[in-house]
Amino acid sequence: MNGFPSARSIAESIRTGERSARSVLDEHLARINERENEVHAFNLVLAEQAASSADEIDRRIARGENPGPLAGVPVALKDNLCTRGIPTTCSSKILQDWKPPYDATVVTRLANAGAVIVGKTNLDEFAMGSSTENSAFGPTRNPLDVTRVPGGSSGGSAAAVAAGFASLSLGSDTGGSIRQPAALCGVVGVKPTYGAVSRLGLIAFASSLDQIGPFTHDVADAALMLEVIAGHDPGDSTSIPQHFPSLAPSLDRGVSGLRIGRITDLPEGADQDVVDAVDAAFDTLAAAGAEIIDVTIPAFTYGLTAYYLIAPAEASSNLARYDGVRFGSRVAASDTNAMYMATRGAGFGPEVKRRIMLGTYALSAGYYDAYYGKALKVRRLMANDFAAAYEHVDVLITPASPSVAFPFGSKTEDPLAMYLCDTYTIPSNLTGHPAMSVPFGTGEHGLPIGVQVLAPAFGEPTMFAVAAELERSAARGEHV
Amino acid sequence: MSDAAWTHDGYEMVVGLEVHVELATKTKLFSASANRFGDEPNTNIDPVTLGLPGALPVLNRQAVELAMRIGVALDCTVQPCTFARKNYFYPDMPKAYQISQYDQPLNVDGRLELSDGIVIGVERAHLEEDTGKSTHIGGTGRIHGSEGSLIDFNRAGVPLVEIVSRPDIRSPEQAKAYVNELRGILVAIGASDARMEEGSMRVDANVSVRRPDAEFGTRCEIKNVNSVRSLGRAIDYEARRQVALIEGGESVRQETRHWDENDGRTHTLRSKEDADDYRYFPDPDLVRLDPGEEWISSVRAAMPMLPAARRRRLAEVTGFDVASEAVATVVERGQDEYILEVAALGAAADRALTHVKEAFADAGAAPKVSAADLASLIAMEVSGELTATQTKTVLADLVAAGGGDARAIAATHGFEALETSELDRFVDEAIAADPDAWAKFCAGEPKAMGALVGYVMKASKGQADGKAVTALLQSRRS
């Protein structure tokens with residue numbers, strides 16, 4: 001919690017007429033005016049459009065209508081979510097001026113719930129990175145310490161909520177891109193079960209891993225926002241035709257009787273302050289009535305390697321459409337192949353090019369079995385190992401990030417060091433399971449630490465129960 | 001006939017065909033845009049068709065159903081399957097990958113029986129999406145040397161089934177028969193209109209040559225074959241080219257070759273070394289497709305009778321050879337049901353087949369001449385009331401008028417059966433007029449009969465029945 005009101009209380013005050021949506025928006029826009037130059041959370045602030053949406057909410061309230069659970073709540077969108085007629089850039093030069101002719105399903109659902117979209121947030125180009133330093137439009141700074149990164153790739157969305165620019169935001173998580181920046185910015189971040197939230201209109205990085213999820217000030221807001229965006233969408237073939245469970249009843253459930261797993265063979269590499277915070281989390285949960293059970297997940301260690309084959313492989317194909325033929329930027333050249341090379345050479349940044357090359361190589365004739373094929377086997381092993389663990393426990397607890405927010409430039413020269421930021425978050429993407437980061441205490445330099453709660457597919461209710469318990473404990477200041 | 005052997009300098013050809021057919025669906029394979037040929041360019045498009053960022057494919061159920069029909073019609077195993085991405089850059093390929101099926105196709109291990117009983121194996125028949133259509137301006141009309149290119153994305157995303165034969169074809173005639181038979185099946189089951197000239201059916205041929213019973217030779221893939229006739233010419237040319245290479249001490253290079261209709265040759269398009277590495281991998285935007293026994297059974301149950309079975313049925317009823325051209329022709333035109341209807345009215349089925357084949361070429365599957373009208377005409381012909389020539393005349397009138405009473409039409413021509421006494425008189429006259437021919441005929445020269453019959457026909461102004469005259473002459477001689 002960082003002193004900003006919850007989205008629930010904002011929506012409630014607007015629905016009851018205590019406040020106008022416009023005044024809530026203006027308050028957020030004022031904070032943007034004050035600090036956005038310093039933070040650079042946004043690629044685009046939609047002040048005028050947000051004002052007219054807020055006014056419309058106020059008119060509906062005046063007519064006695066209920067605009068929905070997010071009535072008048074200012075929301076920021078990661079700039080890889082398509083917004084009709086509004087530039088959607090993926091923080092890439094190749095899409096700098098592209099305006100989608102449609103809204104992503106999540107954007108439609110937010111609008112139907114009464115949300116007011118305040119802007120499009122910065123990200124590592126095409127969501128590839130862990131610091132938002134890979135944006136073609138300059139990095140986002142951590143609002144808690146502007147000499148440090150906000151994490152990534154959804155750094156802009158995490159920073160927007162942490163700085164009070166928006167009450168809620170959406171990010172996308174392919175290997176940790178919601179949970180790691182949430183941890184570094186001291187907010188709640190959720191990667192839902194794969195298939196729980198429609199990917200239609202999310203510009204793909206790695207389709208089998210990508211999932212959209214919320215950044216919020218607290219766990220209850222995350223539950224609210226997730227309930228709004230989750231649910232089957234026939235427009236996404238990987239969307240699961242299943243009713244998304246209600247989360248609100250879980251929030252006050254407590255953890256009594258829950259079995260919470262500690263992974264004894266978790267890869268090392270987390271800083272001591274992070275390790276201490278996770279240990280404290282286990283103590284808190286045990287004290288609250290949970291049973292802590294040791295489990296092993298041998299494949300956990302291979303997650304990072306498998307991920308850096310599968311994700312780039314899919315990306316190499318997903319990003320092939322940026323060829324300058326139909327949309328996006330084009331660099332003219334003498335023939336088609338030269339145009340492709342000039343366009344893609346100028347349009348993509350170095351990290352994107354690196355991953356396209358990695359992925360192209362991993363899928364190439366003669367290398368497929370050794371790289372991509374083997375990574376798929378690891379993915380199956382990972383699923384088996386987690387399934388075995390979940391026979392004994394309800395949720396698992398790990399760090400969300402190996403460290404607190406790090407200074408700019410400290411990992412940019414070493415891609416592998418940057419990739420290690422995702423060690424603890426990647427397995428949930430490979431299995432398609434839900435996981436979330438909840439702020440729990442502070443570490444070095446007083447910076448926030450995120451504890452990650454992992455659950456099996458559609459295990460969000462239990463996951464939220466545990467996260468809420470950790471949040472209550474942190475609010476009592478027991479471990480700060 | 002499809003079994004005419006092709007050999008050249010002691011080599012035989014080994015041919016496998018890859019046939020792409022556009023499915024006759026309302027909408028595209030993965031989006032709701034119309035699947036329609038001939039519309040204004042770039043009108044049947046949408047975010048999925050154009051591969052816009054954030055767009056996602058949703059599989060068209062009707063396309064799966066039609067693809068399953070093809071699988072069932074070709075005796076394939078219809079199985080759970082997956083979709084894969086075939087990655088390559090080309091301006092008319094919107095996503096820079098084609099969604100296709102790779103290691104787990106929908107239909108596998110089928111067969112197609114040609115009209116002469118030869119069976120060609122079908123390796124697989126899988127679903128995939130079509131590309132857009134490029135038009136190259138200037139130069140030769142091909143991309144190299146053109147001034148610019150226009151792309152129409154209406155075709156992009158249209159559902160295709162690629163039907164891959166086993167290398168069981170041994171002659172140009174067999175290849176043509178395979179394509180004709182396949183087309184007949186596709187039309188019969190409503191899967192495609194299968195028009196090569198409109199591009200809704202496209203045929204590529206893999207051609208190699210070998211000494212009989214030797215290992216397969218190196219193959220070349222022949223593209224740009226735009227008609228069944230060209231297919232025969234192209235593979236004949238290509239096989240001869242390969243034989244000449246081998247006989248000249250060279251070897252065949254594996255490559256893709258372009259058939260040029262104008263010079264009647266194939267030309268190198270790209271060699272194996274230049275071939276793309278398609279980097280196939282499972283499409284993560286789509287889930288596994290398991291049609292399930294129930295769906296497969298319902299497709300099987302709804303399957304109409306296929307051309308081969310219809311040919312067998314017609315041959316049985318008419319007494320014609322199942323492999324005869326007449327049977328194949330009317331079944332291809334879809335007129336076999338009509339013939340059976342005529343026969344059911346008591347008319348001679350063989351006569352019905354002959355008349356329909358000869359006179360109903362443009363009549364389609366449901367001729368305007370009613371089965372009853374044709375049956376009446378055939379009854380008159382068989383009873384001898386009308387000669388073969390007269391029958392043809394009346395039939396032509398029936399077709400022109402779209403039906404009518406055969407007896408009334410015959411009367412307008414003054415066609416009446418000759419009395420036996422009249423016929424006797426004409427025969428007497430013929431023998432008297434040409435005793436020389438009669439002598440030769442009596443001496444056993446069959447040719448001599450022609451002059452005698454000709455006389456009778458002329459004298460009777462064509463009203464005599466040739467068969468009756470022959471019979472009479474023969475009885476007189478004995």
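The model is predicted. B:Ala205 sits in strand S11 of chain B, which covers residues 201–210. Buried or exposed, then, is B:Ala205? B:Ala205 counts as buried because 29 C-beta neighbours lie inside 10 Å; the cut-off for burial is 20 or more. A quite separate part of the chain holds B:Ala375. The two alanines, B:Ala205 and B:Ala375, are 170 residues apart along the chain, and their C-alpha atoms are separated by 45 Å.

**Domains of chain B**

Chain B splits into domain 1 (7–301), domain 2 (307–412) and domain 3 (420–477). The centres of domain 2 and domain 3 of chain B, taken over C-alpha atoms, are 30 Å apart. Their contact draws 4 residues from domain 2 of chain B and 6 residues from domain 3 of chain B. On the domain 2 side, the residues are 1 nonpolar, 3 polar and no charged.

**A sheet in chain B**

Chain B has an open sheet of 3 strands, ordered S5-S4-S15, with antiparallel pairing. Strands S5 (97–100) and S15 (281–282) of chain B are the edges. Each has a single partner strand, so one side of each lacks a neighbour in the sheet. Strand S4 (residues 84–87) of chain B is joined to S5(B) by 4 bridges, and the two run antiparallel. Which residue of S5(B) is the bridge partner of B:Arg85? The partner is B:Ile99.

**Where the chains meet**

The contact between the chains uses 25 residues from chain B and 34 residues from chain A. On the chain B side, helix H1 (47–50) and S4 of chain B are the elements that give two or more residues. The residues on that side of chain B divide into 17 nonpolar, 3 polar and 5 charged.

**The sheet of chain A**

Chain A carries an open sheet of 11 strands with mixed pairing. The strand order is S1-S3-S2-S4-S6-S5-S10-S11-S9-S7-S8. Strand S1 (42–45) and strand S8 (291–295) of chain A are at the edges. Each of these has a single partner strand, so one of its sides is left without a neighbour in the sheet. From one strand to the next, the twist averages 30°.

S1(A) is held to strand S3 (residues 116–121) of chain A by 3 bridges, and the strands run antiparallel. Within S3(A), A:Gly119 is the bridge partner of A:Val45. Helix H5 (residues 155–162) of chain A packs on this sheet. H5(A) touches S1, strand S2 (74–78), S3, strand S4 (168–173), strand S5 (188–191) and strand S6 (211–216) of chain A. The direction of H5(A) makes about 155° with that of S4(A).

**Backbone points in the loops of chain A**

The table gives their angles.

| Residue or bond | Angle |
|---|---|
| A:Gly152 to A:Ser153, cis peptide bond | omega near 10° |
| A:His40 | phi near 55° |
| A:Phe126 | phi near 55° |

A:Ser153 lies in the loop between S3 and H5 of chain A. A:Phe126 is found in the loop between S3 and H5 of chain A too. A:His40 is in the loop between helix H2 (21–39) and S1 of chain A. The phi of A:His40 is positive in a residue other than glycine, and so is that of A:Phe126. A:His40 counts as buried because it has 22 C-beta neighbours inside 10 Å. A:Phe126 is buried as well, with 32 other C-beta atoms within 10 Å.

**Helix H12 of chain A**

Does the length of helix H12 of chain A agree or disagree with expectation? Helix H12 covers residues 369–389 of chain A, 21 residues in all. At 1.5 Å a residue, H12(A) should span 30 Å. The end C-alpha atoms are 28 Å apart, which agrees. The buried residues of H12(A) are A:Tyr371, A:Tyr372, A:Ala375, A:Arg379, A:Met382, A:Asp385 and A:Phe386. Their cover includes helix H9 (303–318), helix H11 (350–363) and helix H14 (426–431) of chain A. S15 of chain B is also part of that cover.

Definitions and conventions
Residues are numbered from 1 along each chain as its sequence is written. Chains are lettered from A and ligands numbered from 1 in the order in which they are written. This is a predicted model: local features need pLDDT of at least 70, side-chain atom pairs count only at pLDDT 80 or more; totals for chains, interfaces and linings use all residues. Domain bounds come from an automatic or database domain assignment. Two residues are in contact if their C-beta atoms, placed from the backbone, lie within 7 Å. Ala, Val, Leu, Ile, Met, Phe, Trp, Tyr, Cys and Pro count as nonpolar, Asp, Glu, Lys and Arg as charged, and the others, Gly among them, as polar. Two strands pair if DSSP finds at least two bridges between them. Axes are lines fitted to C-alpha atoms, for helices over the stretch in contact, and angles run from 0 to 180 degrees between N-to-C directions. The expected span of a helix is 1.5 Å times one less than its number of residues. A residue is buried if 20 or more other C-beta atoms lie within 10 Å of its own, exposed if 12 or fewer, and partly exposed in between; C-beta atoms are placed from the backbone.
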